[in-house]
Amino acid sequence: MSDSAKPPQRDAARANSRPWDDPGQKPFVQITGLTKRFADTPAVNDVSLDVYKGELFAILGGSGSGKTTLLRMLAGFEQPDAGRIVIDGVDMTLIPPYARPLNMMFQSYALFPHMTVGQNVAYGLRKEGLPRADIRQRVNEILALVKLEGLGNRKPEQLSGGQKQRVALARALVKRPKVLLLDEPLAALDKKLREYTQFELMNIQDQLGITFLVVTHDQEEAMTLATRIAVMEAGKFVQIGTPTEIYEFPRNRFVADFFGTINLFAGSVAALSVDTLRLRATDLNGEISAPASGCTTGDNVWIGVRPEKIALAKTAPEGAPRNVFKGVVWDLGYYGNLTVYRVKLENGRIIQVSAQNRVRSSERVAEWYDEVYVSWDAHNSVVLRE
Amino acid sequence: MRRRYPTFLISVLAFGYAFLYVPIILVMVYSFNDSRLVSIWGGFSLRWYGELLHNEQIIDAAWLSLRVAVMSATAATVLGTLAALALTRMGRYRGRFLFTGMVAAPLVMPEIITGLSLLLLFVSLQDLVGWPNGRGALTITLSHITFSMAYVAVIVQSRLAAMDATLEEAAMDLGGTPFRVTLDITLPLVMPAMLSGWLLAFTLSLDDLVITSFVSGPGASTLPMVIYSKVKLGLTPDINALATLIIVVVTLCVACAGWLTLSGNAKSPTVARTHN
């Protein structure tokens, strides 16, 4: 529990190693062909996943995507109809929940209302049959780790939301599980507390070296917490990758749209050169340049541009940049750190542009109904084929 | 207009409560009547309470009623809780709705029919296996268990249904086997419901006349049976005193049961499950 006990795996991960790209690494949690049907509709459909030791892995999906069912199968509360779950080389598929070397932090926290904080945390250790003195020591250690010293005798009903969350975390961590499952760990906290707790979670994971598997519907939570993210939709993984990979190189329109905001244009490839393609957009009077991305002329594709990759100016950009469009500021939202503009282009299409407010000023780059030029570099266009 | 409305409501309320409670209050008032004539006030006295203590028939009957009530309430609480656990924690299965309904059905079953069918069962059992041998305290207790178990099951079941199921999952996740989880988590949390079920079963058993008359035998007369047979011979003031005592006991039990149910529900709020 001390800092010197920092496991090497986590240090390696810190140094930007990518165990998932290293064929020599053995996956720590191995899910193969996992399927679960409820009344003939598959909630989880033939899902496979490798998670490596010390990872903080996030499964991201909307409601009904099957992410919670997947988590419940990992914990052992649901029996899969097909497939296998292997943790640290041991097949867990048929092991009941109370015999699995993993613990779960519930979205509702599920603190036992008739027990004190200390008794809640000690419950798992008591079931292991540890000696009383050991239990007391480990409970105190873990309560110190989550900064709840001295609250051991409180009842859950006497705690704030953030404190309850930390009791739930302590209770799940105190058994030193091989994997910690977290179901929407920050969903019930207010915004300020979430940001703080998020980094707390990362620090704790860092100190203990336990593999974390987080299920969430909140892409921001997934992005900031996770080493890797699996985006789930309709019982399947749509894309698995690091937060950057998923944000900057989404595999398809669903991921691009689910993960942050993106402007999408449909069209067909009009011209190709070595490294760029020119797309005749059907909903834009003009052409968009983008990386070639292995397309051939005539392909129907979508091009996406993130709002923060688009520049906005009142005068036409100098030189001969591509992807310049004229429009009118239709709407704007001021967020303090940035301003979001909705610009109506000449053909009526509205695109979203966000600009950092780098200079302290009461003036904005553009106001309502100003004529503006939006532009972006070709390499900021994302080509999406499905 | 505004003033008439509450006046109307208040008079309806007063009339309704008078309808319900005037007879009971009359009994209680006349239990302190000194006169031997039941309906004529002869001054305040506690003599009928004193006489009750010397009436061996009533003391015996009260003692039998109490024993039957404690035993049947205890057994009904155990069985009813088990039934409720099975019904709510076995997951979704075919016919669950039917079983749930069937547990509650004895609540609305006419007592005459329950009594008759139980008597038939005891008689044929005695013919077949020789047990229960004759009718008396044992058969009364068994019958009371039968109908009060349904009440306990319904009370505990609603408590279980309102309980956050993730609490049990969390305990299992922390290494508790299903049996341990039931002992450590489920039972402590439904304890208020079990207690209130016990008190209700106790009260029902203490009150019951119809079913008891069917299944009792010679020498086993419960308190309601004694009162009923005495009243058939004419009202006597000592019955008023006895009735007053019973009303006090029953009221206390029901009030306790209600308080337990309310405080039990308030103490462990059920956590609303948000989307996932």
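Two residues are taken to be in contact when heavy atoms lie within 4.5 Å. By this criterion, in the predicted model, 25 residues of chain B are in contact with 28 residues of chain A. Chain B and chain A together bury about 2,300 Å², and carbon and sulfur atoms account for 60% of this area. Two salt bridges cross the interface of chain B and chain A. One of the salt bridges pairs the side chain of A:Arg72 with that of B:Glu169, at an N to O distance of 2.6 Å. Polar contacts between chain B and chain A amount to nine residue pairs, with both residues at pLDDT 80 or more. On the side of chain B that touches chain A, the elements giving two or more residues are helix H7 (165–173) and helix H8 (178–207) of chain B. This side of chain B is made up of 11 nonpolar, eight polar and six charged residues.

Chain A contains nine helices and 20 strands. The C-alpha trace of chain A extends over about 75 × 50 × 45 Å along its principal axes. Chain A has 386 residues, of which 51% count as buried.

Chain A is divided into two domains, with domain 1 covering 3–101 + 177–255 and domain 2 covering 261–384. A distance of 34 Å separates the C-alpha centres of domain 1 and domain 2 of chain A. Contact between these domains of chain A involves seven residues of domain 1 and seven residues of domain 2. The area buried between domain 1 and domain 2 of chain A is about 680 Å², with 55% of it on carbon and sulfur atoms. Three residue pairs in polar contact are found across this domain interface of chain A, both residues of each pair being at pLDDT 80 or more. One salt bridge is also found across the interface of domain 1 and domain 2 of chain A. The side chains of A:Glu248 and A:Lys309 meet in a salt bridge with an N to O distance of 3.3 Å. On the side of domain 1 of chain A that touches domain 2, helix H8 (residues 243–248) of chain A gives the most, with three residues. By class, the residues on this side of domain 1 of chain A are three nonpolar, one polar and three charged.

Over all chains, the count of salt bridges is 26. Among them is the pair formed by the side chains of A:Glu245 and A:Arg18, with N and O 2.6 Å apart. A:Glu245 belongs to helix H8 of chain A, whereas A:Arg18 is in the loop between helix H1 (8–14) and strand S1 (29–38) of chain A, so that the pair links parts of the chain 227 residues apart. Both partners are partly exposed: the relative accessible area is 27% for A:Glu245 and 34% for A:Arg18.

A salt bridge also joins A:Asp218 to A:Arg194, where the closest N and O atoms are 2.5 Å apart. A:Asp218 lies in the loop between strand S8 (211–216) and helix H7 (219–225) of chain A, and A:Arg194 lies in helix H6 (residues 191–208) of chain A, so the pair ties together parts 24 residues apart in sequence. A:Asp218 and A:Arg194 are both buried, that is, under 20% relative accessible area.

In chain B, B:Arg47 forms a salt bridge with B:Asp34, and the closest N and O atoms are 3.9 Å apart; the cut-off for a salt bridge is 4 Å. In chain A, salt bridges with shared partners join A:Arg18, A:Asp21 and A:Glu245 into one network.

How values were computed
Residues numbered from 1 in each chain as written. Chains lettered and ligands numbered in written order. Predicted model: local features only at pLDDT ≥ 70, side-chain atom pairs only at ≥ 80, totals over all residues. Heavy atoms only, no water. Domains from an automatic or database assignment. Buried area = accessible area lost by both parts, 1.4 Å probe. Polar contact = N/O pair within 3.5 Å; in protein donor to acceptor, adjacent residues only side chain to side chain. Helix = DSSP H or I, 4+ residues; strand = E, 2+ residues; numbered from the N terminus. Nonpolar A, V, L, I, M, F, W, Y, C, P; charged D, E, K, R; others polar. Buried < 20%, exposed > 50% of the residue type's maximum accessible area, 1.4 Å probe, protein only.
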